Amino acid sequence: MTRIREYRTLRGMTVRELADRAGVSTGLISQVERGVTDPSLETMRRIAEALDTPLFNLFQEGDQQTVAVIRRDDRYRISSPHHAITYTRASPGGARLEVLEGSLEPGAVSSDTPRSHPSEECVVVLTGRLTVQVGDQTHVLKAGDSCHFDSNIPHRFRNESRSTVRFMLSITPPSY
């Protein structure tokens, strides 16, 4: 269950206002808030942007602890409609640093067009090859390679290989 309703009401927004800002129908917002449907990754990104909050904050639990242990099987998970890209959150919600584990299928991209957000990121490839596009620069990373960049510059990840690529992504402040 998401915390969309909580964030929406905290901001004094109606379902219609959120739907308009996110470019989706009021019915979809209502269904997502009630847990009737699971929206796509792109839809969740648009809702998070409309609520001016990092995407994974919409899934965080209320209690914050001094030490947070997140078991692999208990991580929040979000994926694109056809599961071409999947992210699981390895860090607790509400922290100043967000750590995600990503998986990108062969031939897939993290988003249709490069995106920007006010953060900085560091990506470390665990297995496979990841193409990182930041502005007009493109870098191919292999297992063990990393890339740090200013997320204000439009960017995206591509998998131009024939096997799934796995990577860790650190973002501060959280904005995903």
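Me: Before we look at the helices, what makes a crossing left-handed or right-handed?
Reply: A crossing counts as left-handed if the near helix is turned anticlockwise from the far one by less than a right angle, and as right-handed if it is turned clockwise. In this predicted model, the crossing of α2 and α4 is right-handed.

Me: How do the axes of α2 and α4 sit, in distance and angle?
Reply: The axes of helix α2, residues 15–22, and helix α4, residues 41–50, come within 8 Å of each other and cross at roughly 115°.

Me: And which residues meet there?
Reply: From α2 there are L18, R21 and A22, and they meet R46, I47 and A50 of α4. Sorted by class, this contact of α2 with α4 has 4 nonpolar and 2 charged residues, with no polar ones.

Me: Switching to strands, what order does the open sheet have?
Reply: The sheet is built of 3 strands in the order β6-β5-β8, with antiparallel pairing. Its edge strands are β6 (137–142) and β8 (155–158), each of which pairs on one side only, and neighbouring strands are turned by 20° against each other on average, direction ignored.

Me: How many bridges join β5 to β6?
Reply: Strand β5, residues 129–134, is joined to β6 by 6 bridges, the two running antiparallel; R129 has K142 in β6 as its bridge partner.

Me: What about β7, which residues are on its covered face?
Reply: In β7, residues 146–150, C147 and F149 make up the covered face, while S146, H148 and D150 lie on the uncovered one. Strand β4, residues 120–127, runs antiparallel to β7 and is joined to it by 5 bridges, and V123 stands opposite C147 in β7.

How values were computed
Residues numbered from 1 in each chain as written. Predicted model: local features only at pLDDT ≥ 70, side-chain atom pairs only at ≥ 80, totals over all residues. Heavy atoms only, no water. Axes fitted to C-alpha atoms, helices over the stretch in contact; angles between N-to-C directions. Helix = DSSP H or I, 4+ residues; strand = E, 2+ residues; numbered from the N terminus. Contact = heavy atoms within 4.5 Å. Nonpolar A, V, L, I, M, F, W, Y, C, P; charged D, E, K, R; others polar. Pairing = 2+ DSSP bridges. Buried < 20%, exposed > 50% of the residue type's maximum accessible area, 1.4 Å probe, protein only.
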